[in-house]
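Thanks for coming. Please have a look at it first.

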Amino acid sequence: MSNSITLQQSVLADVVEMMGDNNAMKSLRKFLDDLKGRDSDVMTEKERQEVLNDIREGLREMKLVKQGKLKSRPIAELFNEL
């Protein structure tokens, strides 16, 4: 498994844990907004877009899971893959 997939799973697992906490979600939103505005020397535009797209995709998948349109995997299963 590539490092980027492992990182994506880790980030998504953290976001899933915060889903029920409005304050945490607001903080995440602020962080993402700040991330969008950072200097390009911190992260290239391509890297930034990749991270944001991965987060968007993960949040879309979580929405589908909540709607019952997509089956989720237990977090323990994800961690066992690591």
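First, the ground rules. This is a predicted model, in which local features need pLDDT of at least 70 and side-chain atom pairs count only at pLDDT 80 or more, while totals for chains, interfaces and linings use all residues. Residues are numbered from 1 along each chain as its sequence is written, and side-chain values use heavy atoms, with hydrogens and water left out.

The helix is H3, residues 45-66. Helices here are DSSP runs of H or I with at least four residues, numbered from the N terminus. How far apart should the ends of H3 be? At 1.5 Å a residue, its 22 residues should span 32 Å, and the end C-alpha atoms are 31 Å apart, which agrees. The expected span is 1.5 Å times one less than the number of residues.

Now, which residues of H3 are buried? They are Arg-48, Leu-52, Ile-55, Gly-58 and Met-62. Seen down the axis of H3, the buried residues fall within an arc of 120°, so they line one face of the helix. The arc is taken from the directions from the helix axis to the C-beta atoms. Lys-46 and Arg-60, on the other side of H3, are exposed. Buried means under 20% relative accessible area, exposed over 50%, and partly exposed in between, with a 1.4 Å probe and protein chains only. The cover over the buried residues of H3 includes helix H1 (3-18) and helix H2 (22-37); contact here means heavy atoms within 4.5 Å. Just after H3, Gly-68 has a positive phi of about 80°.

On to the empty spaces. Rolling a probe the size of a water molecule over the atoms shows where empty space is left. On a 1 Å grid over the protein atoms alone, a cavity is a set of points where a 1.4 Å probe fits but cannot get out, and a pocket is an open set with protein on both sides within 12 Å along at least five of seven lines; lining residues have an atom within 4 Å of a point. Points are joined across faces, edges and corners, and a volume is the space filled by probe spheres set on them.

The largest pocket holds about 520 Å³. It is lined by 18 residues, and the closest to its centre are Leu-12, Glu-61, Met-62, Arg-73 and Leu-78. H1, H3 and helix H4 (75-81) each supply at least two residues of this lining. Its residues divide into nine nonpolar, four polar and five charged. In this scheme Ala, Val, Leu, Ile, Met, Phe, Trp, Tyr, Cys and Pro are nonpolar, Asp, Glu, Lys and Arg are charged, and the others, Gly among them, are polar.

Glu-61 lies in H3 and is partly exposed, at 34% relative accessible area. Its C-alpha atom is 8.7 Å from that of Ser-72, 11 residues apart along the chain.

The second largest pocket has about 220 Å³. H1 gives the largest share of its lining, six residues.

Last, how many cavities of 30 Å³ or more are there? The structure holds one. Gln-9, Ser-10, Ala-13, Leu-78, Phe-79 and Leu-82 line the largest cavity, and the elements giving two or more of these residues are H1 and H4. By class, that lining has four nonpolar, two polar and no charged residues.
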